[in-house]
Amino acid sequence: SVSANVAQLRKRARVFSGRADFNPSAAGQLADVLYTQMRLPEPHATGRGASKTHGPTNENALTEIIENPSTPHNARMLCTTILEYRQWSNLESKFISAPWIKAAARDAQAAGSGGIARVRCTWNSTATATGRLSSCNPNLQAITKYKLDSSNTGARSGGRASGGAALAAAAMAAAGVGGASGLAAGPYGPQGSAEAAAVAGSADKINIRDVIAAPRGRVLISADYSQIELRVLAHLSGDRELCRLLNNTGAQGDVFRVIWASW
């Protein structure tokens, strides 16, 4: 099961770290083990990894350590295990143990044979400090792109996978949906646990994003604003120069390039 994989990877991480109290979810502890206890050189940190108060422990940093031929065996295996652990624990916490999926499972069971409980996320217009739109239960803006090998937790792979209904079947089973009841992420998703289980049986790779699919006869679209903050600012302020720049760049243009070119 997913929970068993998480527990196994947690134990493995403690063995390779040499610390019985090691918490693989604690980035600070991981940095201490890698850069203080094991005395590894710190990889070059960029983006979010560079802003932390400890050594970098993001995916790029751990991958760099893994691919370094001079990295000791225990350090390489620890980093590999941590990356696997993050993927499986993310699957467990966000898509199996999450309250929204358990509620959907109950709805599917209440619908009876052939029933489908649609999962619709909540869009929040005032939940962020920046005013950006956010979503929750589930957060469709942060669906991981990792693929998981359901047949062997010792093998890690990144990127997108072709098989994916296995995730839905695993989530349904763990959440308590059985028989012919259905669970769909929606208005999208596999059309029932029986169908999902059939596909899952032939696919060892699990891609969380594959569980999000349009129902028959419908499509999903992805839309985003271009420089939305600047456009709102121009509208509210009425600044002529900013309005001119935005009008000149057009809907697909990059206003920042125009501003930089004018310096």
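These exercises walk through a predicted model of a protein chain.

**Exercise 1. The chain as a whole**

Task: Find how many helices and strands the protein chain has, and what share of its residues counts as buried.

Solution: 
- Start with the elements. The chain has 10 helices and 6 strands.
- Turn to burial. Of 263 residues, 40% count as buried.
- Residues 24 or more positions apart make up 62% of them.

**Exercise 2. Placing Thr71**

Task: Decide whether Thr71 is buried or exposed, and work out which residues Thr71 touches.

Solution: 
- Locate the residue. Thr71 sits in the loop between helix 3 (59-67) and helix 4 (73-95).
- Check the accessibility. Thr71 has a relative accessible area of 8%, and buried means under 20%, so Thr71 is buried.
- List its contacts. Leaving out residues up to four places away in sequence, Thr71 touches Ile65 and Arg76.
- Look at the polar atoms. A polar atom of the Thr71 side chain lies 2.6 Å from the backbone oxygen of Ile65.

**Exercise 3. Ile65 and the largest nonpolar core**

Task: Name the residues that touch the most other members of the largest nonpolar core, then list what Ile65 touches.

Solution: 
- Take the core. It has 17 residues, and those touching the most other members are Phe22, Leu30, Leu34, Leu62, Ile65, Leu78 and Ile82.
- Ask which elements supply it. Helix 1 (2-17), helix 2 (27-37), helix 3 and helix 4 each give two or more residues.
- In soluble globular proteins, nonpolar side chains tend to be buried together.
- Follow Ile65. Residues up to four places away in sequence aside, Ile65 touches Leu34, Tyr35, Leu40, Pro43, Thr71 and Cys79.
- A second, separate core has 16 residues, including Val2, Trp88, Phe95 and Ile96.

**Exercise 4. How helix 3 meets helix 4**

Task: Describe the packing of helix 3 and helix 4 by angle and axis distance, and say whether the crossing is left-handed or right-handed.

Solution: 
- Begin with the geometry. The two helices pack at about 145°, and their axes are 8 Å apart.
- The crossing of helix 3 and helix 4 is left-handed.
- Name the residues. Helix 3 contributes Glu59, Leu62, Thr63, Ile65 and Ile66. Helix 4 contributes Arg76, Cys79, Thr80, Ile82, Leu83 and Arg86.
- Sort them by type. The contact residues are 6 nonpolar, 2 polar and 3 charged.

**Exercise 5. Arg209 and Thr144**

Task: State how far apart Arg209 and Thr144 are, in sequence and in space.

Solution: 
- Locate Arg209. It lies in the loop between strand 6 (205-207) and helix 8 (228-237).
- Read the separation. Arg209 and Thr144 are 65 residues apart in sequence. Their C-alpha atoms are 7.0 Å apart.
- Arg209 has 34% relative accessibility, so Arg209 counts as partly exposed.

Methods
Residues numbered from 1 in each chain as written. Predicted model: local features only at pLDDT ≥ 70, side-chain atom pairs only at ≥ 80, totals over all residues. Heavy atoms only, no water. Helix = DSSP H or I, 4+ residues; strand = E, 2+ residues; numbered from the N terminus. Buried < 20%, exposed > 50% of the residue type's maximum accessible area, 1.4 Å probe, protein only. Polar contact = N/O pair within 3.5 Å; in protein donor to acceptor, adjacent residues only side chain to side chain. Contact = heavy atoms within 4.5 Å. Core = buried A, V, L, I, M, F, W, Y, C linked by side-chain atoms within 4.5 Å. Axes fitted to C-alpha atoms, helices over the stretch in contact; angles between N-to-C directions. Left-handed = near helix turned anticlockwise from the far one by under 90°. Nonpolar A, V, L, I, M, F, W, Y, C, P; charged D, E, K, R; others polar.
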